[in-house]
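Please examine the sequence and the three-dimensional structure shown here. An explanation in a few paragraphs accompanies them.

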Amino acid sequence: MAAVSLVALAVSPVNAEPDTRAKPPHGKNPLPAPPQIRDLDFLLGSYTCDYTPPPGGKPAVLKLTTKRAMGGHYLYTDATLEPGSVVGRTSLGWNPVDGKFINQYHDNWGSSGNYTSSGWKDGHLIFKGPLTQVITPNGSGQTTGVKLDLVDDYQVLGPGHFKDTTSFTFPDGSTLQGSYDCRRQ
């Protein structure tokens with residue numbers, strides 16, 4: 001048990017905001033990024049996305065900027081959604097043990113999620129997983145929210161153009177669906 005704890009401590013992150021510009025020391029040969037991460041290259045760059053909400057919702061604009069991080073092992077996406085002033089970050093990578101893409105999300109409202117994808121199939125890259133969605137943000141550290149099952153279905157429509165159809169399934173089984181139409185700037 002002690003050995004497991006030491007291993008976990010040895011690989012724990014030490015900095016919440018990694019320096020993505022850091023270069024490895026000369027003479028070192030860092031582990032190359034997994035080739036599977038290239039399947040996410042369509043996300044690289046800056047995008048403006050028009051959000052079509054579910055019935056009764058309000059349209060919004062999502063601004064995304066995605067960059068390579070950690071020597072290309074991950075992609076970091078910083079996003080801003082207006083209206084609402086939601087600022088979020090997504091970390092995307094490849095899990096070589098399970099053979100799946102991973103997606104970890106968090107935002108300034110306090111929402112967070114963890115999703116996985118088995119990869120592209122028939123022109124779709126589908127991430128699924130749990131999302132804890134804050135309903136009414138506040139600065140007290142306590143608020144109301146809901147646990148949802150999220151599905152993000154990405155389709156590349158052309159160079160610099162993709163669509164993400166998002167479905168939220170609530171604890172009662174009801175589902176809402178919206179979509180983001182994203183174009184590179």
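The model is predicted: local features need pLDDT of at least 70, side-chain atom pairs count only at pLDDT 80 or more, and totals for chains, interfaces and linings use all residues. Residues are numbered from 1 along each chain as its sequence is written, and side-chain values use heavy atoms, with hydrogens and water left out.

Asn-103 lies in strand S5, residues 100–107 (strands are DSSP runs of E with at least two residues, numbered from the N terminus). Asn-103 has a relative accessible area of 3% and is therefore buried (under 20% relative accessible area, with a 1.4 Å probe and protein chains only). Leaving aside residues up to four places away in sequence, Asn-103 touches Thr-90, Ser-91, Leu-92, Gly-113, Asn-114, Tyr-115 and Phe-127 (contact means heavy atoms within 4.5 Å). The C-alpha atoms of Asn-103 and Gly-113 are 8.0 Å apart, and these residues are ten apart in sequence.

Aromatic rings of Phe, Tyr and Trp (its six-membered ring) pair if their centres lie within 6.5 Å, and planes over 60 degrees apart count as edge-to-face. By this rule there are eight aromatic pairs. One of them joins Trp-94 and Phe-101 edge-to-face, at 4.8 Å centre to centre and 75° between the planes. Trp-94 is buried at 15% relative accessible area, and Phe-101 is buried at 1%.

Phe-127 and Tyr-154 also form an edge-to-face pair, with 6.2 Å between centres and 85° between planes. This pair links distant parts of the chain, 27 residues apart: Phe-127 belongs to strand S8 (residues 124–134) and Tyr-154 to strand S9 (residues 145–158). Both Phe-127 and Tyr-154 are buried. Together with Phe-42, Tyr-47, Trp-120 and Phe-162, they form one aromatic cluster.

Note on methods. Helices (H or I, at least four residues) and strands (E, at least two) are DSSP runs, numbered from the N terminus. Buried means under 20% relative accessible area, exposed over 50%, partly exposed in between (1.4 Å probe, protein chains only). Rings of Phe, Tyr and Trp (its six-membered ring) pair if their centres lie within 6.5 Å; planes under 30 degrees apart count as stacked, over 60 as edge-to-face and the rest as tilted.
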